[in-house]
Amino acid sequence: MAINTSIGLIGVAIQSAKTKPAKEPTFVHGLTGGQTFKLDRSVASDPVSCGVRAGTDSHVESIIPGVDFETYGYGDVIPLYLYGVMGSIKSEANDEGEAQFKHTITLGDILPYLTFWGRIGQEYTRVDGCKIDTLELEYEGNNPLSWGVTVLGIDAELGLDAFPGEIDPSCFDGYFVTTGGVFKLDTASNEPLVAPVVSGSLSLANSCTADPLAGMVTPGDVEEGKLVSSGNVTVKPEDMKLYRRMITGSDEGTKPTGDMVYGSFEWKFRHNRNANWELIISAERVPFTAEFPEVDPEGGAATIEFSFDDIGIASRDGSPITAIVRNDTASYDQGATISVTASK
């Protein structure tokens, strides 16, 4: 029987330590694409002159396991992925609305280790000692948010019988969407205002490395580097004030300034099944850049894409990106009890 690619799942849980894989998934969710199991396997020949015009042997240089998948923004697991790529999460009782808990995710020094289980068809796999290398978010119009997760690990296992545990997939509980959301932008202050946003994207990259030690083909560890945040916000403006503020520093400016002008944004997404849940992603000190609109003989409304790369921080305890998630999950610590309730 062929492998049915329409059957795919990811399971994930936080590990208590690098070499202690989680026993079972805390969350299981569906996918929109990607690989539930990935091996970066490097093979090299062993050159030797042995009286013939051909080689004799080869060896495996390295094997780096991981996963690389796309998914929707499921309300229970997205805080875990944001924590996994940023490094710090604070969970507390919710301060507004009907959701039970509020999770604030910011920049941290050390990333948590994760265990990932994957399923495609009837093939089950596991990757241990993982860290999130890249987390990507894209949205446009009223399409569901698209999330991409790229992970590096230190060990792997194939041929599992099934996922351990009895966690139901989040596919049936809904996800965060743009419909009914609030999108704010400013190109010259830390106080963004509602703007005619068309689309946006955000990439958080940790520049992770996973190098084998002598005598090992799998990595000894996954090391994170500097967090680099990049992306864009595309708007359909009624005038050129956003562009003018970015270039001159004010609405009335007439000359480009050599001083760096920092902007900000805030994206608020609602959940399509539970009106009490929400996701807010915000940033200050954003170094926007953009191209002036081009003339089109066919006409139509102009759009401006404000892009950014490597958002900075203004203080030692700052964070380039801050994410707030309100849901009914109590905590994202290793071994936490999970409570997920979606309205019907």
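This is a predicted model: local features need pLDDT of at least 70, side-chain atom pairs count only at pLDDT 80 or more; totals for chains, interfaces and linings use all residues.
With a relative accessibility of 1%, S264 counts as buried, because buried means under 20% relative accessible area.

A polar atom of the S264 side chain lies 2.7 Å from the backbone oxygen of S189. S189 is also one of the residues that S264 touches, when residues up to four places away in sequence are not counted.

## Helix 1

Helix 1 covers residues 78-86, and nine of its nine residues are buried, so this helix is largely enclosed by the rest of the structure. The buried residues are I78, P79, L80, Y81, L82, Y83, G84, V85 and M86. Just after helix 1 comes G87, which takes a positive phi of about 110°.

Rolling a probe the size of a water molecule over the atoms shows where empty space is left. A search of the whole structure finds one cavity of 30 Å³ or more. The largest cavity has a volume of about 40 Å³, and its lining is formed by L82, L135, E136, L137, W147, L202, L204 and I281. Two elements, strand 8 (123-140) and strand 13 (197-205), each give two or more residues to this lining. Strand 8 provides the largest share, three residues.

By residue class, the lining of the largest cavity divides into seven nonpolar residues, no polar residues and one charged residue. L82, one of the buried residues of helix 1, is among the lining residues of the largest cavity.

Definitions and conventions: Residues are numbered from 1 along each chain as its sequence is written. Side-chain values use heavy atoms; hydrogens and water are left out. Buried means under 20% relative accessible area, exposed over 50%, partly exposed in between (1.4 Å probe, protein chains only). A polar contact is a pair of N or O atoms within 3.5 Å; within protein, one must be able to donate a hydrogen and the other to accept it, and residues adjacent in sequence count only if both atoms are side-chain atoms. Contact means heavy atoms within 4.5 Å. Helices (H or I, at least four residues) and strands (E, at least two) are DSSP runs, numbered from the N terminus. On a 1 Å grid over the protein atoms alone, a cavity is a set of points where a 1.4 Å probe fits but cannot get out, and a pocket is an open set with protein on both sides within 12 Å along at least five of seven lines; lining residues have an atom within 4 Å of a point. Grid points are joined across faces, edges and corners, and a volume is the space filled by probe spheres set on the points. Ala, Val, Leu, Ile, Met, Phe, Trp, Tyr, Cys and Pro count as nonpolar, Asp, Glu, Lys and Arg as charged, and the others, Gly among them, as polar.
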